[in-house]
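Here's a walk through a fold, one contact at a time. Keep the viewer open and follow along.

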Amino acid sequence: MFGVRDLFDLEHSLAGDYLAGTTLPWEALPGIRDLILRLGPELGDGFREISEGVWVHETAVVAPTAYLGGPCIIGAETEVRHCAFIRGSALVGENCVVGNSVELKNVILFDRVQTPHYNYVGDSILGYCSHMGAGSITSNVKADRTPVAVKDGGEVWETGLKKMGAVLGDHVEVGCNSVLNPGTVVGRNTSVYPLSSVRGVIPADSIFKSPNDIVPRKKD
């Protein structure tokens, strides 16, 4: 339920072919930098390398106070707002919003992802049309600095990574001021209540109210 193809429509990212070569989403995290450096020089018309290793589409809007650290790619019609801090290794898709004071590091943002207000997203993958509410963040390092494990009920998946934030499937909504703890995986079409502390695997098509109160989403 949390394989790459369970979580994402791979047609909605320049990283689609790369992700198709993985089984579990966190397997893609170590290679994001190399992926961007490989994709960048091959991007088609409309992209411009504005500084070393930084490719921005001509239709993207980047505020003058935003910082774009390489390597990164900013897709068509994406808006990067004032004081956004892209530290590097960020592949941002089309029609995205990277908001004021948002920090990105080693991430893949599929098309139409919104991180509009005061978000930190590090060592994470956000699926198509996913949305981070104001102040919600991914925590990507455990307090004891040991490698991150992904827990699904009684099963434990060792990632071997010291840094892993969250993986959000397509159409995930994260409520304001929520914390996605290291190794969080949220299935497609799931909503997380504001002020939540989330960890482990959250099923698709559900509503996370608290760790002990996760209910199926009602179908229309």
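How exposed is E103, given its relative accessible area? E103 comes out as partly exposed, at 21%; here buried means under 20% relative accessible area, exposed over 50%, and partly exposed in between, with a 1.4 Å probe and protein chains only. Before going further, note that this is a predicted model, where local features need pLDDT of at least 70, side-chain atom pairs count only at pLDDT 80 or more, and totals for chains, interfaces and linings use all residues. Residues are numbered from 1 along each chain as its sequence is written, and side-chain values use heavy atoms, with hydrogens and water left out.

Back to E103, whose side chain meets that of R87 in a salt bridge, 2.9 Å from N to O. The term covers a side-chain nitrogen of Lys or Arg within 4 Å of a carboxyl oxygen of Asp or Glu, and by that rule the count comes to four. R87 sits in strand β7 and E103 in strand β9 (residues 103-109), so their contact ties together parts that are 16 residues apart in sequence. Helices (H or I, at least four residues) and strands (E, at least two) are DSSP runs, numbered from the N terminus. R87 is partly exposed too, at 38%.

D123 belongs to strand β11 (residues 120-126), 18 residues away from K105 in the chain. Both ends are tucked in: D123 counts as buried at 6% relative accessibility, and K105 counts as buried at 13%.

D170 lies in the loop between β16 (166-168) and β17 (173-174), and R188 in the loop between β19 (184-186) and β20, so the pair connects parts 18 residues apart in sequence. D170 is buried at 2%, while R188 is partly exposed at 24%.

That brings us to β20 (residues 191-192), which pairs with β23 (residues 206-210) in the parallel sense over two bridges; pairing requires DSSP to find at least two bridges between the strands. F208 is a handy landmark in β23: V192 stands opposite F208, and in β24 the bridge partner of F208 is I214. Strands β23 and β24 (residues 213-216) run antiparallel, joined by four bridges, and a hairpin connects them through two residues.

What about the aromatics? There are four aromatic pairs in the whole structure. Rings of Phe, Tyr and Trp (its six-membered ring) pair if their centres lie within 6.5 Å; planes under 30 degrees apart count as stacked, over 60 as edge-to-face and the rest as tilted. One of the pairs is F2 with W157, edge-to-face at 5.4 Å centre to centre and 90 degrees between the planes. F2 lies in the segment before α1 (4-7) and W157 in strand β15 (residues 155-161), so this contact bridges 155 residues of sequence. F2 counts as buried at 6%, whereas W157 is partly exposed at 32%. Together with W26, F2 and W157 form one aromatic cluster.

Last stop, the cysteines: the structure holds zero disulfides, that is, pairs of cysteine sulfur atoms within 2.5 Å. The sulfur of C72 is 12 Å from its closest cysteine sulfur, in C96, too far for a bond. For C129 the closest is also in C96, at 9.1 Å, again too far.
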